[in-house]
Amino acid sequence: MKVAEVAPQIDPATLLAGAQFMDAYRLEVDGQSLDARQAAMRMMARAPRWVDALLVLRNIMVAPFGLKTSGEDRRAPRDIIGIFPVVSETPERLVAGFNDRHLDFRVVVDVATSGQRQSVTATTLVLTHNWLGRTYLAIIMPFHRLVVRAMLRQVAA
C-alpha cells in the first residue's frame, strides 16, 4: 500500500492554534470498515521494531532536558493509544497528542469512506515554545516522515 504525502486539509486553529508545522499523509484502503479509533489503533498501538528502537534512543537523549519520554502524564487523560493520549474523538476523526515545555503536538487521524474504499489521513501539527522545541523538531523531522509513513501502512495490514 502506498502512503502519499498530501496537503493538510484541516483547520490548525481549531486543533492547535499557532502551529508552526503541519504535514499530512494518506493511505487508501479497500474493503475495510474502519472508524477513526480503529485506524488510530492499527496505526499507533504498536510500532515496527525499528520505530521502537528510535523511540528508546529519543527517550535517552531527551531525558536530561526534562522532556516527556513517553507521552504519558499523570494529568493526561487515561485514554491512550500507544503512547499518545486521546484529546478528542468522533467516528471520522481522532485527535491525540500532548503539551510539553518545548512543544505541543497533535496527530489527527481522519477516515473518509467512498463506496468500498476508505482513505485514512494522518496529520501532524506542532507548536514550538522555545529554542529547544525548534531544535528538537529540526532533528526529528527526517525520522518523522519515515515513521508516519511506516505506521500509516499498518492500517492496511
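Visitor: What percentage of the residues in the protein is buried?
Guide: Of the 157 residues in the protein, 45% are buried. Buried means under 20% relative accessible area, exposed means over 50%, and partly exposed is in between, with a 1.4 Å probe and protein chains only.

Visitor: Before we go on, where do these values come from?
Guide: This is a predicted model: local features need pLDDT of at least 70, side-chain atom pairs count only at pLDDT 80 or more, and totals for chains, interfaces and linings use all residues. Residues are numbered from 1 along each chain as its sequence is written, and side-chain values use heavy atoms, with hydrogens and water left out.

Visitor: OK. How many helices and strands are there?
Guide: Four helices and seven strands. Both are DSSP runs numbered from the N terminus: helices are H or I with at least four residues, strands are E with at least two. Along the sequence the pattern reads β-α-β-α-α-β-β-β-β-β-α.

Visitor: In what order do the strands sit in the sheet?
Guide: The order is S1-S2-S7-S6-S5-S4-S3, in an open sheet with antiparallel pairing. Two strands pair if DSSP finds at least two bridges between them.

Visitor: Which strands stand at the edges?
Guide: S1 (3–6) and S3 (80–81). Each has a single partner strand, so one side of each is left without a neighbour in the sheet.

Visitor: How many bridges join S5 and S6?
Guide: Seven, in the antiparallel sense. S5 covers residues 93–99 and S6 covers residues 103–114. Arg93 stands opposite Asp110 in S6.

Visitor: And the helices, which strands does H2 lie across?
Guide: H2 (residues 36–44) lies across S3, S4 (84–89), S5, S6 and S7 (117–128). H2 runs at about 120° to S6. Axes are lines fitted to C-alpha atoms, for helices over the stretch in contact, and angles run from 0 to 180 degrees between N-to-C directions. Contact means heavy atoms within 4.5 Å.

Visitor: Which strands does H4 touch?
Guide: H4 (residues 131–153) packs on the sheet and touches S1, S2 (21–30), S6 and S7. Its direction makes about 5° with that of S2.

Visitor: Switching to charges. How many salt bridges does a search of the whole structure find?
Guide: Five. The criterion is a side-chain nitrogen of Lys or Arg within 4 Å of a carboxyl oxygen of Asp or Glu.

Visitor: Which residues are linked in a network?
Guide: Glu28, Asp30 and Arg117. Asp30 meets Arg117 at 2.7 Å, N to O. That pair joins S2 to S7, 87 residues apart. In the Glu28–Arg117 salt bridge the closest N and O atoms are 3.5 Å apart. Glu28 and Arg117 are 89 residues apart in the chain.

Visitor: How accessible is Arg117?
Guide: Arg117 is partly exposed, at 38% relative accessible area. Glu28 is partly exposed at 30%, and Asp30 is partly exposed at 48%.

Visitor: Back to Arg93 and Asp110. How do their side chains meet?
Guide: In a salt bridge, 2.6 Å from N to O. Arg93 is in S5 and Asp110 in S6, so the pair ties together parts 17 residues apart in sequence.

Visitor: Is Asp110 buried or exposed?
Guide: Asp110 counts as buried, at 17% relative accessibility. Arg93 counts as partly exposed at 26%.
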